[in-house]
Amino acid sequence: MKYVIIGNSAAAVGAVEAIRKNDREGRIVIISNESYHTYSRPLISYLLLGKTDENKMKYRSDSFYSENGCELMLNKTAVRIDPDKKTVLLDDGQNVSYDRLLIATGSSPFVPPVKGLEKVKNKFTFTTLDDAKRLESVLEENTKVLIVGAGLIGLKCAEGISRKKVETVCIDLSTRVLSSILDEEGSEIIKRHLENNNISFFLNHQIIELSENTAILDDNTEIPFDVLVMAVGVRPNISLLKDIGGKTNRGIVIDERCRTSIPDIYAAGDCCECIDVSSGEMRVMALLPNAYMQGECAGMNMSGADYVFDKAIPMNAIGLFGKHIITAGTYAGDVYYEADQENYKKLFYSNNKLNGYILIGNIEKAGIYTSLIRERTPLDTLDFDLICKVPGLMAFSKEERACKLGGIA
Amino acid sequence: MKRVYVNEKWCLGCHLCEYYCAFASTNEKDMARALKDIRIHPRIRIEEKDGISFAVSCRHCDEPLCVKGCITGALTRKDGIITIDRNRCIGCYTCILSCPFGAVSPSEDGAIQKCELCIKTAGGTPKCVEGCPNGAIVFEERGE
């Protein structure tokens, strides 16, 4: 059996580790368009912040590929799949044959067309290690940085570069920060916190024109900058499957076994969309834990097991200038609310199920809420009033606790 | 494999397990001296309410969501024991988001902390078990 994996990040690693549980002999070929040992992409902001280094950013040990018998093809881009001949054409003209193929191509930064963008010399995106290195190389004290996008990528970038004592301005079309993971009140708390850490915001604005060092906003405000970071969002890399008629939407459509619509081709990670069990809808959930678990699921099925991953939900753990945020699920239904100076909590529930939550500040035991969402636990089987106030195992029945803590089935 | 199991019927709610846990990660010989005047950050925690109490620590899951979700690769599972490489952990708390038992917590220095069955500190005999005065916490193999 020959396994080919396009991609070298969390989903690819999940697949390798799963394949090797079932098949020690089969060949595994990994194709990557980067030049690096597998590394953790979310750590690029921590690299700029000085909290990690290039060696510690490695997502697996140096011996990972040799221990798992992987053939690594770096700096190669997969151009086209031939599903009949079962080959992958690379940009250097080589054809790589496969028995089972995993597309784990991730996503790419979306850069919207803006008038004058071509005049900007110092412009960057912020999703890869090379991006982080290039950005760092132009930053000095008091460099004026304009970040377009106040989402997860833009704000982690703002935190990362703060070590360089730069002047950071962040603009977003949305009226609020982190609009994809927070509600209005949560966004406001985080915005104030970021402002206290010297990040300035122009929200509900967009750039209508750029020159080399100036952005003109829709209200004619002019913002001078030395460095422009485009962090508007990412798009799943779906073209390899789309080009051959495979089923795609925003992402590559996969089932609960991480199969695509084409036989022997699987997909996992940020390039995919699958069912979000908190809402029941198909969604791209580009986040590392899901990528690993989808990769693992794909790898299990590619190597002959029958394995289902049907518990994907949106979820994020993010810290910004010492303030922690954990969120998960869908913000729909009735609301439990608690807040004080430092902490903010909202739980969203309906039809006897927890749908989602937002925690800012005190994030202790958040995973207990996550599990209620993921497992679709009927809320009438536990002390819901108690668990709203204090996430813990106390809210479960005695029998359930005996099972969880006593190993009694 | 041997795991820490808890029987809430025997738990006195004395919190000694928490003190033994905190003590295990110090290099001191004397517990009273080691823990005097400090706020402890144990990896095993008592939950208590209305006369019920029990200790919660890492279950060392066979399918560990914390390890699968770890964005750095700092959490790993080897020989059934889940450990944290504190040098690589950057404190994103994705494991706290993931753990269904609430058994991973922030530590004082930014990295996360969790029960590692005392393999790094006490040669693999969990101190919470040794210190429990009423046999409410045991370290044993049970049918799996």
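Modeller: Helices (H or I, at least four residues) and strands (E, at least two) are DSSP runs, numbered from the N terminus. Chain A has eleven helices and 26 strands. This is a predicted model, in which local features need pLDDT of at least 70 and side-chain atom pairs count only at pLDDT 80 or more, while totals for chains, interfaces and linings use all residues. Residues are numbered from 1 along each chain as its sequence is written, and chains are lettered from A and ligands numbered from 1 in the order in which they are written.

Biologist: How many helices and strands does chain B have?

Modeller: Chain B has five helices and eight strands. Read from the N terminus, its elements follow the order β-α-α-β-β-α-β-β-α-β-β-α-β.

Biologist: What radius of gyration does chain A have, and what would a compact globule have?

Modeller: The radius of gyration is taken over C-alpha atoms, and the globule rule is 2.2 Å times the number of residues to the power 0.38. For the 409 residues of chain A, a compact globule would have a radius near 22 Å; the chain has 23 Å, which agrees. Its C-alpha atoms fill a box of roughly 60 × 60 × 40 Å along the principal axes. For the 144 residues of chain B, the rule gives a value near 15 Å and the chain has 15 Å, which again agrees. The box of chain B is roughly 40 × 40 × 30 Å, also along the principal axes.

Biologist: Which residues touch the most other members of the largest nonpolar core?

Modeller: A nonpolar core is a set of buried Ala, Val, Leu, Ile, Met, Phe, Trp, Tyr and Cys residues joined through C-beta atoms within 7 Å. The largest one has 167 residues, and A:Leu102 and A:Val229 touch the most other members. Contact between two residues is defined by C-beta atoms, placed from the backbone, that lie within 7 Å. Leaving aside neighbours within four places in sequence, A:Leu102 has contacts that include A:Ile5, A:Ala15, A:Tyr266 and A:Met302.

Biologist: Into which domains is chain A divided?

Modeller: Domain bounds come from an automatic or database domain assignment. That assignment gives chain A domain 1 (2-108 + 234-302), domain 2 (117-230) and domain 3 (322-406). The C-alpha centres of domain 2 and domain 3 of chain A lie 33 Å apart. Their contact takes seven residues from domain 2 and eight residues from domain 3.

Biologist: And where are the bounds in chain B?

Modeller: Chain B has domain 1 (1-57 + 119-144) and domain 2 (60-114). Their centres, taken over C-alpha atoms, are separated by 19 Å. Seven residues of domain 1 of chain B are in contact with ten residues of domain 2 of chain B.

Biologist: How many residues of each chain are in contact with the other chain?

Modeller: The contact involves 30 residues of chain B and 37 residues of chain A. On the chain B side, strand 1 (2-6), strand 2 (45-49), strand 3 (52-56), helix 3 (65-69) and helix 4 (94-98) each supply at least two residues. Helix 4 of chain B gives the most, with four residues. For residue classes, Ala, Val, Leu, Ile, Met, Phe, Trp, Tyr, Cys and Pro count as nonpolar, Asp, Glu, Lys and Arg as charged, and the others, Gly among them, as polar. The side of chain B that touches chain A divides into 13 nonpolar, ten polar and seven charged residues.

Biologist: Which strand does strand 22 of chain A pair with, and in which sense?

Modeller: Two strands pair if DSSP finds at least two bridges between them. Strand 22 of chain A pairs with strand 23 (residues 323-329) of chain A in the antiparallel sense, over six bridges. A:Ile318 stands opposite A:Ile325 in strand 23. Strand 22 (residues 315-320) is mostly covered, with five of its six residues buried. The hairpin has two residues between the strands, and A:Phe321 takes a positive phi near 50° there.

Biologist: Is A:Asn142 buried or exposed?

Modeller: A:Asn142 is exposed, with 10 other C-beta atoms within 10 Å. Its phi is near 70°, a positive value in a residue other than glycine. A:Asn142 sits in the loop between helix 4 (129-138) and strand 10 (144-148) of chain A.

Biologist: Is B:Cys118 buried or exposed?

Modeller: B:Cys118 counts as buried, with 22 C-beta neighbours inside 10 Å. B:Cys118 has a positive phi of about 60° although it is not a glycine. The loop that holds B:Cys118 lies between strand 7 (112-113) and helix 5 (127-131) of chain B.

How values were computed. Buried ≥ 20, exposed ≤ 12 C-beta atoms within 10 Å, placed from the backbone.
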